Amino acid sequence: MKIARSHTGRNAVAVMDRAYHGRTNLTMAMTAKNIPYKDGFGPFASEVYRTAMSYPLRDGLSGAEAAERTIRDLEIAVGAKNLSCVVIEPVQGEGGFIAPAEGFLPAIAAWCRENGIVFIADEIQSGMCRTGDWFACDHEGVVPDLVMIAKGIAGGMPISAVTGRAEIMDAPNAGGLGGTYGGNPVACAAALAAFDQMDTLDLNARARGIESIVREILEPLLETGRLAEVRGRGAMIGLEFVDAEGRPDAGVVKQIAQSAKDKGVLVLTCGYDGNVIRLLPPLVITEKLLRESLDILADIVRELV
């Protein structure tokens, strides 16, 4: 945000509904979900505006239609001339593993370029081969102005990075960016080693292979009527559950997650309504272990729904 504001001379920041961007004071304002991330920690930073993200399962809109809605909202509520940046998770994480409809991201990125707004991709969870591409934005050929990466960048070592166009990155005054642990040599060495392994092992192809196995085993559960969607890309797949009336069902998701844990399979839940199971298997998981865990999960779903 500091880089975008320095580059544009503007203050306003736009984020998507259901977004998750962190737990600092500014990023808590950008994060949508109150508990557990924000409750009792205010007041939060100002000039952060939330707008609609494409959510194909629920809004039924094409990418172009969803982008038109988002752009209209931002132009009316904020004004393009006031926006320093638009920040988007190309595939939302905590918000529900939501992949926007095709065409949404390119349309938002194009509008940003036309209006001098910095388009920022938060690829902290979706980047580094997770979705079957180096970055989730690559799926539609979108080139952000700034990209944020972390998590898988160094196999668990603490490091994060911001990458972007030089004229934007160079905007802050000298010494304006930094941190206690910036440039940690051990973490940087780990990141270089991780990059090498991702390339050598072709983990993009591995992520796509994981997706095909997940869909093979879990998509038949759509017939239950309680699994509303198997979505996402690569090794970043979400399972959204609903009740018999089609409403978000957080209760059954909690039961599934607990039963899976009891049987030795760890899964995470997510979604604004708590009704999504997210699958983030290691990109180097063996096919035997992957299939075994998915079979257990599938049996639990059949038993509980």
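Pro36 sits in the loop that runs between helix H2 (25–30) and strand E2 (48–51). In this predicted model, the peptide bond joining Ile35 and Pro36 is cis, with omega about 10°. A cis peptide bond also joins Gly42 and Pro43, where omega is about 5°. Pro43 belongs to the loop between H2 and E2.

The loop between H2 and E2 also holds Glu47. Glu47 is not a glycine, yet its phi is positive, at about 60°. Its relative accessibility is 33%. Glu47 therefore counts as partly exposed.

Arg18 likewise has a positive phi, near 70°, in a residue other than glycine. Arg18 is found in the loop between strand E1 (12–16) and H2. The relative accessible area of Arg18 is 18%. Buried means under 20%, so Arg18 counts as buried. The side chain of Arg18 meets that of Asp17 in a salt bridge, at 3.6 Å from N to O. Asp17 has 22% relative accessibility and therefore counts as partly exposed.

Across the whole structure, a search finds 18 salt bridges. One further pair is formed by the side chains of Glu167 and Arg165, with an N to O distance of 2.1 Å. Glu167 is partly exposed, with a relative accessible area of 46%. Arg165 is partly exposed as well, with a value of 37%.

A salt bridge also links Arg215 and Glu211. Their closest N and O atoms are 2.9 Å apart. Both residues lie in helix H8 (residues 203–218). They are four residues apart, about one turn of the helix. Arg215 is buried, and Glu211 is buried too.

Salt bridges also form a network. It links Arg58, Glu229, Arg231, Glu240 and Asp273.

The overall fold was examined next. The chain contains 10 helices and 10 strands. Its radius of gyration is 20 Å. A compact globule of 305 residues would have a radius of gyration near 19 Å, so the value for the chain agrees with that expectation. Along the principal axes, the C-alpha atoms fill a box of roughly 60 × 45 × 40 Å.

Of the 305 residues, 49% are buried. Among contacts with a separation of 6 or more, 67% are between residues 24 or more positions apart.

The chain exposes about 14,200 Å². Carbon and sulfur atoms supply 53% of that area. The chain carries 30 positive and 39 negative charges.

In summary, two prolines follow cis peptide bonds: Pro36, joined to Ile35, and Pro43, joined to Gly42. Positive phi values occur at Arg18 and at Glu47. Arg18 also takes part in a salt bridge, with Asp17 as its partner. Within helix H8, Arg215 and Glu211 are both present, and both are buried.

Definitions and conventions:
Residues are numbered from 1 along each chain as its sequence is written. This is a predicted model: local features need pLDDT of at least 70, side-chain atom pairs count only at pLDDT 80 or more; totals for chains, interfaces and linings use all residues. Side-chain values use heavy atoms; hydrogens and water are left out. Helices (H or I, at least four residues) and strands (E, at least two) are DSSP runs, numbered from the N terminus. The radius of gyration is taken over C-alpha atoms; the globule rule is 2.2 Å times the number of residues to the power 0.38. Buried means under 20% relative accessible area, exposed over 50%, partly exposed in between (1.4 Å probe, protein chains only). Contact means heavy atoms within 4.5 Å. Accessible areas come from the Shrake-Rupley method with a 1.4 Å probe; for residues, only the protein chains shown count as cover. Lys and Arg count as positive and Asp and Glu as negative; His and the chain ends are not counted. The place of a charge is taken as NZ of Lys, CZ of Arg, CG of Asp or CD of Glu. A salt bridge is a side-chain nitrogen of Lys or Arg within 4 Å of a carboxyl oxygen of Asp or Glu.
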